[in-house]
Each structure stands twice: as structure tokens, then as C-alpha cells.
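Biologist: I am new to this structure and would like to understand the words used for it. Could you take me through them one by one?

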Amino acid sequence: MKRNQSTEDYLECILLLSREETNVHRVDVARKIGVSQPAVQKAIKLLQSDGYVECSGLHLYLTRKGEEYATEIYDRHCTLRKFLILLGVPAADADGDACEMEHVLSRASFAAIKRWVEERGN
């Protein structure tokens, strides 16, 4: 599957919001990502057509496929953030850098970093 940063950012956002609140709304996503509500509406339509999100009235829900993908992305983010912090990068910088890196690393590179973190990072 070709990685798409926008798709991944929206899925990760919906996942994190759903862990904080029972119901996730488009306005919540717009605020968290910092985009307009029309931009969110367009993205949600694409996520629906790809089978990642379902809508019920004003509420957004990740499908099983969407939740699996979002969880994978969030795991990448957390692992990369921890990796950078272990290297001595300040937490705020590590978080921002991890947000960019999570979208571009190959599976092989990420797997190697994850093994390294697991060996050293508890």
C-alpha cells in the first residue's frame, strides 16, 4: 500500500480523539489538525471511499481497517519519538520529527529502529 501522509494524519487524529471522547466530530478533527471544516469534509469522503471511516450523523468512526491502519501509524509515531528521545533529542523536537518520519520510513528501516528501541528503551 502506498503511504499517504494526509490519510495517515487524519486516521491518527481520529484514533486519538476516539480515545479521549466517545464521539468524534468533524469539527474536533479540524481543530486538532488545524484545517478548515470543508477540508475535513473532503478528507472524510475519501477515507469513507477507501473503507477507513464510517459516519453516523455527525459522528465519525474508524472501521476495523481504519483502526488497524491508524494504530500502525500511531505505533510508528510513538516508536520514532522514543527513538529520538533516546538519542538525546528534546521531547518537543522529537515529537515533531516523529510526525514527519512516520510517513516516509520503509518498513525495513522502521523495523530496525523498533528493535533498537525495544532493546534499549524500557
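Modeller: Let us begin with contact, which means heavy atoms within 4.5 Å. Leaving aside neighbours within four places in sequence, Leu 11 is in contact with Leu 47, Tyr 52, Val 53, Leu 62, Gly 66, Tyr 69 and Ala 70. This is a predicted model, in which local features need pLDDT of at least 70 and side-chain atom pairs count only at pLDDT 80 or more, while totals for chains, interfaces and linings use all residues. Residues are numbered from 1 along each chain as its sequence is written, and side-chain values use heavy atoms, with hydrogens and water left out.

Biologist: What makes a group of residues a nonpolar core, and which members of the largest one touch the most others?

Modeller: A nonpolar core is a set of buried Ala, Val, Leu, Ile, Met, Phe, Trp, Tyr and Cys residues joined through side-chain atoms within 4.5 Å, where buried means under 20% relative accessible area, exposed means over 50%, and partly exposed lies in between (1.4 Å probe, protein chains only). The largest core has 20 residues, and Leu 11, Ile 14, Val 29, Leu 47 and Val 53 touch the most other members. Two or more residues come from each of helix H1 (5-20), helix H2 (26-33), helix H3 (37-49), strand S3 (59-62) and helix H4 (64-86); helices (H or I, at least four residues) and strands (E, at least two) are DSSP runs, numbered from the N terminus. With six residues, H1 gives the most to this core. There is also a second, separate core of nine residues, including Leu 80, Phe 83, Leu 84 and Ala 98.

Biologist: Why are H1 and H4 called roughly perpendicular to each other?

Modeller: Two packed helices are described by the angle between their axes and the distance between the axes. Axes are lines fitted to C-alpha atoms, for helices over the stretch in contact, and angles run from 0 to 180 degrees between N-to-C directions. Angles under 35 degrees count as roughly parallel, over 145 as roughly antiparallel, 65 to 115 as roughly perpendicular and the rest as oblique. H1 and H4 pack at about 95°, with their axes 8 Å apart, and are therefore roughly perpendicular to each other. Their contact includes Leu 11 and Leu 15 of H1 and Tyr 69, Ala 70 and His 77 of H4. By class it has seven nonpolar, four polar and four charged residues, where Ala, Val, Leu, Ile, Met, Phe, Trp, Tyr, Cys and Pro count as nonpolar, Asp, Glu, Lys and Arg as charged, and the others, Gly among them, as polar.

Biologist: What term describes the angle between H4 and H5, and why?

Modeller: H4 and helix H5 (residues 91-101) pack at about 135°, with their axes 8 Å apart, and H4 and H5 are therefore oblique to each other. Among the residues that meet are Leu 80, Arg 81 and Leu 84 in H4 and Ala 94, Asp 95 and Ala 98 in H5. The residues of this contact divide into eight nonpolar, one polar and three charged.

Biologist: How do you know whether His 77 and Ala 94 are buried or exposed?

Modeller: His 77, found in helix H4, has 8% relative accessibility and so counts as buried. It touches Glu 12, Asp 95, Ala 98, Cys 99 and Glu 102, not counting residues up to four places away in sequence. Ala 94, in helix H5, has 0% relative accessibility and therefore also counts as buried. Beyond four places in sequence, Ala 94 is in contact with Arg 81, Leu 84, Ile 85 and Val 89. Ala 94 and His 77 are 17 residues apart in sequence and 9.7 Å apart in space, C-alpha to C-alpha.

Biologist: Why do Pro 38 and Arg 115 fall into the classes they do?

Modeller: Pro 38, in helix H3, has a relative accessible area of 59% and is therefore exposed. Arg 115, in helix H6 (residues 107-120), stands at 48% relative accessibility and so counts as partly exposed. The C-alpha atoms of Arg 115 and Asp 95, 20 residues apart along the chain, are separated by 19 Å.
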